Structure formats: structure tokens, C-alpha cells
Amino acid sequence: MPFYKSDSHLTILADRVLADTWAEFPDLKPEQIALTWLVYDRPIPVNTGGAITPDELWKYPVRGFNYRGGERIYPASIVKLFYLLAMHEWLEQGMASPSAELDRAMRDMIIDSSNDATSLVVDTLTGTTSGPELNPGPFTTWQAQRNLINRYYQSLGWSELDSINVNQKTWSDGPYGRERIFVGEMRENRNMLTTDAVARLMHSIIGGAAVSGDRSSQMMQLFQRDLNLAGVTPDPGEENQLNGFLGAGLPPGSQIWSKAGWTSQVRHDAAYIELVDRQPCLLIVFTEGTANSQNRQILPFISDRIVAAMSQL
């Protein structure tokens, strides 16, 4: 069962947001977008600084809506959220040793979306390294090790994670050697996520239920973005994960905790948003297609319309 309850009022509002989006961006086809939107009504169970326990969090009713929320889509750098949470679990259980370099890699993986930093995190999680092709026996062992992350997420028993794949590194130029073989000739083994899966993971973190309350807070600190950087001149581009993403459509005074992902084929964002005079919300939006991935107006348009819809709740 989903961890949130579908809500007829949210459905009406979200359908209008989607209709407005398709009218504004006719090149964005219905099959090129997926969206999950959760609203946190009072008493707000998230971002409480550990005021409630994980068991209590999952008992709080949360209203939600999804459009193609279970559709498997290549997540780009959104997958780094899953590697961050898994790394904190490994550290908590003593399966990995803390170090200044690992801390630096986790920070750069989220704040700067560094692929090099992500490589170290994935190696630490799985005990694998990139390199030349391997003989069949060692390669079988290597693949089993790399799938440790998938096995961890399946062990949680969350139905939203049933179809995900999170066993690949993120690349700037692409995989080589054993990594290229592992991803598959047609890239059939590439990372895949759904907006509902990302929403479940983000909800657990912002609710303080991911690994521990303290570790959830540490993750949240890495997600926080400075909205003052959105739209600054000269334009810093996508690297601040605000320009061209959901944060760029928020009104002054808002706060956002987010992780974006983009390639030449996709543009995504996952954001927990606190508004000045409305309920907080969690918004996950995936878009696909070459033209859409280069369009820096779609995601800000959607967040602007979601904010307007929030005033009608």
C-alpha cells in the first residue's frame, strides 16, 4: 500500500497544474513527465528536529497525488539520494568506517552533484572499484557486490521500491570497462527510479525516520538550498540546482531542501518546500526528452503553479 492517501481535492488541483503545463509547453508530451505531490497538513510530522519517532511518522496521514508515479525512469543524479541514505546506514551499522574523505565525498555528491564523489561513495558501499573488464568468475562476484545497495532497499519492504534499480555509478562521459559491461549492451541495467520511490525516501529523511533522527538531520543539512542564488547574475547555470529547477519558481521567503538531476535526456528535481503562509509540501517531478531536458522553464513553471494551488487547500 502507498504510504500516502490519494486525495480528490489534490487531484483536481494537480490535474489543472498538468493541463496548464502542457498548454504552456506543447513539446512536453504526457508520457514525458511523472509527478508526485504530497501535502503536510497540521500537525506537521516532518522537519521537526526529532520531535516524533519513526513509528509515529508512518502513522501520520499524508495527502498525496501522483501522475505516472510508478513509472520507471532514468533518474540521473536523483539516485545520489539513495546512495547517501545507504551510506549513513552502513556507517550506523559499522559496515563502513567514517573518514574525512568520505564526509567530503557525501557532501560534494549532494551539494555539488559531483560524479567523482559519487564514485567513491558507491565503491565504499559495495567494496567494488571501476576498471578493466573482468573474467567471468570475478565479474559475477563483482556484480553481486554492486547489487548490495539494491538488496538493502528491497529489505526495507517498501512497495514503492519494488521496481527500482540503484546499482550504477553516475558519469560525465559514460562508463568504460567492467562498468560498461555491467550496465548492459542496451543499457538495460541502468539506474531506474519512480517519483513515488523518491517521495518515500525523501519523506523518511525529512520525517527523521531514515537510519536515525540524527543521521536524517545530517542528510537534510546537505539538501538545503539558498534561494537567494536563484536567478542571480551572472547566471551560474544548473550547478546550484535552483536555476532551471523547482526552486526557481518559489516565492520570496520560501525554503527548499532538494536534489536535482539532469542530462541531455532528462531534467528532474525532488524538493521538500516550506512556504511562508501555507502547508509544506514534497514535490517530485521527472521530465524526459532532449528538448525538455534543455528547457529551464518547465520545472519552475510547475512549482509556481503548485504554490498557487496550495493557496486553495
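A nonpolar core is taken here as a set of buried Ala, Val, Leu, Ile, Met, Phe, Trp, Tyr and Cys residues joined through side-chain atoms within 4.5 Å, where buried means under 20% relative accessible area with a 1.4 Å probe and protein chains only. The model is predicted, so that local features need pLDDT of at least 70 and side-chain atom pairs count only at pLDDT 80 or more, while totals for chains, interfaces and linings use all residues. Residues are numbered from 1 along each chain as its sequence is written, and side-chain values use heavy atoms, without hydrogens or water.

The largest nonpolar core comprises 58 residues, and F82, Y153, V198 and F223 have the most contacts inside it. Helix α3 (residues 80-92) supplies the largest share of this core, nine residues. Another core, of 33 residues, lies apart from it and includes F25, L28, I33 and L242.

Helices (H or I, at least four residues) and strands (E, at least two) are DSSP runs numbered from the N terminus, and two strands pair if DSSP finds at least two bridges between them. Seven strands form an open sheet with mixed pairing, in the order β1-β3-β2-β7-β6-β5-β4. Because β1 and β4 (224-225) stand at the edges with a single partner strand each, one side of each has no neighbour in the sheet.

Strands β1 (residues 5-6) and β3 (residues 63-67) are parallel and share two bridges, with K5 opposite R63. Strand β2 (residues 33-39) runs antiparallel to β3 over five bridges; W37 has F65 as its bridge partner. Strands β6 (residues 266-274) and β7 (residues 281-288) are antiparallel, joined by eight bridges, and H268 is paired with F286 in β7.

Note on methods:
Buried < 20%, exposed > 50% of the residue type's maximum accessible area, 1.4 Å probe, protein only.
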